[in-house]
Amino acid sequence: MTGIGPVEPYHPGEADGPHQDAPADVLKANPPRLEARWAALPRSYRRTIQALAVIATATGALFALRPAPPDRAAPNPYPWPAGVTTLRYEGRGITPTSFRFEVDVARGTPVTVRQVDAGLPELSATTTPRLPLTVKAGNPRLITVHISVYDCAALPPAIDLPHLDLLISNETAQQQQSFLFGGTYPHDLETGLRALCFPNRPPPTPTSPGQNTRDRLTRR
């Protein structure tokens with residue numbers, strides 16, 4: 001028989017009174033011990049868990065023993081100036097013996113150009129802008145080198161492998177670095193020196209296709 005009605009009061013002394021509900025803390029009874037719960041599992045299930053535990057342990061050991069991957073070589077934050085400085089020929093200047101160059105620093109601290117030499121004892125060099133010139137990484141600067149001749153008669157017959165010697169420095173070191181040039185700079189340099197020293201002398205004409213076509217500055 002079921003129904004809904006008012007809750008009747010209950011007195012413990014009444015013989016026919018309703019039975020007392022179970023204490024609320026019965027639901028919070030302590031769970032069985034871990035060993036008992038493990039023993040209650042089926043044997044096949046326990047074997048599966050044990051096998052998985054062995055595999056996980058072995059895998060962890062392999063990862064622990066595996067050598068760490070090599071670190072990528074990070075660029076040296078303090079490079080030597082000669083290793084990061086480039087000098088590129090950009091063409092002739094406004095005079096026959098002035099030549100424009102771009103100074104570029106690849107990375108690291110700024111590089112200062114302190115001195116420029118023309119590479120031959122018969123020649124001297126000055127620059128525009130005047131030195132020292134500081135060049136920051138990623139911000140190339142143009143420099144014009146003006147070549148002068150001490151003695152035109154002492155010049156060699158030809159300028160082979162013309163170069164400029166730069167004294168450069170940064171926070172790491174100061175170095176003397178020679179920059180060799182091919183391409184159009186050798187021709188432009190010889191043409192400018194000839195115009196300076198021998199303005200009325202025509203350039204020599206090669207006698208055979210196999211002959212070196214480089215112009216001669218002087219010919220006796």
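In which sense do strand S2 (residues 98-105) and strand S6 (residues 141-149) pair, and over how many bridges? In this predicted model, S2 and S6 pair in the antiparallel sense, over six bridges.

**Sheet**
- Four strands make up an open sheet with antiparallel pairing, in the order S1-S2-S6-S4.
- Strand S1 (85-92) and S4 are the edge strands, each pairing on one side only.
- On average, neighbouring strands of this sheet are turned by 35° against each other, direction ignored.
- Ser98 stands opposite His146 in S6.

- Seven aromatic pairs are found in a search of the whole structure.
- The ring centres of Tyr89 and Phe101 are 5.4 Å apart and the planes lie at 55°, so this pair is tilted.
- Because Tyr89 lies in strand S1 and Phe101 in strand S2, the pair ties together parts that are twelve residues apart in sequence.
- Tyr89 is buried, with a relative accessible area of 17%, and Phe101 is buried with a value of 1%.
- Phe101 also forms an edge-to-face pair with Tyr185, at 5.5 Å centre to centre and 70° between the planes.
- Tyr185 lies in helix H4 (residues 185-197) and Phe101 in strand S2, so this pair ties together parts that are 84 residues apart in sequence.
- Both Phe101 and Tyr185 are buried.
- Ring pairs link Tyr89, Phe99, Phe101, Phe181 and Tyr185 into a cluster.

**Cis peptide bonds**
- The peptide bond from Thr128 to Pro129 is cis, with omega near 0°.
- Leu131 and Pro132 are likewise joined by a cis peptide bond, with omega about 5°.
- Pro129 is found in the loop between strand S4 (123-128) and strand S5 (133-135), and Pro132 is found in the loop between S4 and S5.

Technical notes
Residues are numbered from 1 along each chain as its sequence is written. This is a predicted model: local features need pLDDT of at least 70, side-chain atom pairs count only at pLDDT 80 or more; totals for chains, interfaces and linings use all residues. Side-chain values use heavy atoms; hydrogens and water are left out. Helices (H or I, at least four residues) and strands (E, at least two) are DSSP runs, numbered from the N terminus. Two strands pair if DSSP finds at least two bridges between them. Axes are lines fitted to C-alpha atoms, for helices over the stretch in contact, and angles run from 0 to 180 degrees between N-to-C directions. Rings of Phe, Tyr and Trp (its six-membered ring) pair if their centres lie within 6.5 Å; planes under 30 degrees apart count as stacked, over 60 as edge-to-face and the rest as tilted. Buried means under 20% relative accessible area, exposed over 50%, partly exposed in between (1.4 Å probe, protein chains only).
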